[in-house]
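Please keep the sequence and the model in view while reading.

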Amino acid sequence: MKSLKLNTLFITLITASILAVFGAALPAQAQTNLLVDGGFESNPLGAYIPTLNSGTLGVWADEAANITTGGAPDSAGVIPYLGSTKMLRITGTGSAWQTVQLTDLSSIPGGATAIDTGLETYDLNAFFTTGKGATGTLTGQVILSFYSGPALTGLIRTDNAALVLDGDPATWENIQKTGTVPIGTRYFLSQVVYRDNTGQMGTNAGFVDAASLTVIPEPSSLALLGLGASTLFLRRRRHACA
Ligand SMILES: [Ca+2]
Ligand SMILES: [Ca+2]
């Protein structure tokens, strides 16, 4: 029994060492976007969906937001950052509006295991721009909340990053937040938020495109590295026994 515990400890240490050395070096282009329709190309928005609702799983839930291909006066000069047809337009009569999406890690093979190593980091990313004719101070924001339970229960932590936009509809500003994923996380709530300082955004519409949430190392990479460490260990054991 003692030997088994030592073996497990040894494998864990080797896996952790390999991850520490190679985990951060995984190429960015290999990462999978955990957000469904991060480019707002196909998701049929248009109706308000309560934002703090577990029904947002794998789908964007909008608060005063809709997808547009143009046509509205404020979308003139705004070319989608990603794709050719659609982007998210945020407008309304309040001071801050958003769309949110919930990601269930149990739907990702090995997702929970990877996070509970304590070595996983995230990258939440989106591009924002103001609409034509927007006035005042206009801000974009990305927010990521970590939950241990379903239906937004067990909040562990919330991270966010914000940027004052440049007021030019023709340019997209990138807002990015990175950090560690807390151990015990089972659900991510990703939010993209647009706000102004007037309290009434009607003519101050903003646009969001190319939202992505990625984690490093990916669960599949972790599983492969863990398998490699185990194989290495077993080979060493065989040599030692021979
Ligand atoms: Ca798009
Ligand atoms: Ca801009």
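## Asn 125 and its surroundings

Asn 125 counts as buried because 22 C-beta neighbours fall inside 10 Å. The cut-offs are these: a residue is buried with 20 or more other C-beta atoms within 10 Å of its own, exposed with 12 or fewer, and partly exposed in between, the C-beta atoms being placed from the backbone. Asn 125 sits in strand β5. Helices (H or I, at least four residues) and strands (E, at least two) are DSSP runs, numbered from the N terminus.

Leaving aside residues up to four places away in sequence, Asn 125 touches Asn 174, Gln 176, Ala 211 and Ser 212. Contact here means C-beta atoms, placed from the backbone, within 7 Å. Thr 178 is 53 residues from Asn 125 in sequence, yet their C-alpha atoms are 8.5 Å apart.

## Model and confidence

This is a predicted model; local features need pLDDT of at least 70, side-chain atom pairs count only at pLDDT 80 or more, and totals for chains, interfaces and linings use all residues. Residues are numbered from 1 along each chain as its sequence is written, while chains are lettered from A and ligands numbered from 1 in the order in which they are written.

The mean pLDDT (the predictor's confidence in each residue, from 0 to 100) of the protein chain is 77, and 65% of its residues reach 70 or more. Residues 15-29 have pLDDT below 50, and this stretch makes 18 contacts in the model beyond near neighbours in sequence. Where pLDDT is low, the predicted coordinates should not be read in detail.

## Overall make-up

The protein chain holds 3 helices and 10 strands. Their order from the N terminus is α-β-β-β-β-α-β-β-β-β-β-β-α. Of its 242 residues, 36% count as buried. Among contacts between residues at least 6 apart in sequence, 77% join residues at least 24 apart.

## The five-stranded sheet

An open sheet of 5 strands runs in the order β2-β3-β10-β5-β8, with antiparallel pairing. Strands β2 and β8 (173-180) stand at the edges; each has a single partner strand, so one side of each lacks a neighbour in the sheet. The twist averages 30° from one strand to the next. Axes for such angles are lines fitted to C-alpha atoms, for helices over the stretch in contact, and angles run from 0 to 180 degrees between N-to-C directions.

Within this sheet, β3 and β10 pair antiparallel over 3 bridges. Pairing requires at least two bridges found by DSSP between the strands. Ile 90 has Gly 206 in β10 as its bridge partner.

## β6 and its two partners

Strand β6 (residues 138-149) is joined to β7 (residues 153-164) by 10 bridges, and the two run antiparallel. Gly 140 stands opposite Leu 163 in β7, and Tyr 147 opposite Leu 155 in β7. The two strands form a hairpin with 3 residues between them, and Ala 151 in the turn has a positive phi of about 55°.

Strand β6 also pairs with β9, in the antiparallel sense over 10 bridges. Here Leu 138 stands opposite Asp 196 in β9.

## The nonpolar core

Which residues touch the most other members of the largest nonpolar core? They are Leu 88, Ile 90, Ala 126, Phe 128 and Val 208, in a core of 46 residues. Such a core is a set of buried Ala, Val, Leu, Ile, Met, Phe, Trp, Tyr and Cys residues joined through C-beta atoms within 7 Å. At least two core residues come from each of β2 (65-68), β3 (87-90), β4 (96-104), α2 (111-115), β5 (121-130), β6, β9 (187-196) and β10 (206-216).

Phe 128 has contacts beyond four places in sequence that include Gly 140, Leu 165, Trp 172, Tyr 194 and Val 208.

Most residues other than glycine have a negative phi. Phe 40 is an exception, with phi near 55°. Phe 40 is found in the loop between α1 and β1, and is buried because 29 other C-beta atoms lie within 10 Å. Ala 210, in strand β10, also has a positive phi, near 55°. Ala 210 is partly exposed, with 19 other C-beta atoms within 10 Å.

Glu 41 lies in the loop between α1 (2-22) and β1 (61-63). Is Glu 41 buried or partly exposed? Glu 41 is partly exposed, since 15 other C-beta atoms lie within 10 Å.

Note on methods. Two residues are in contact if their C-beta atoms, placed from the backbone, lie within 7 Å.
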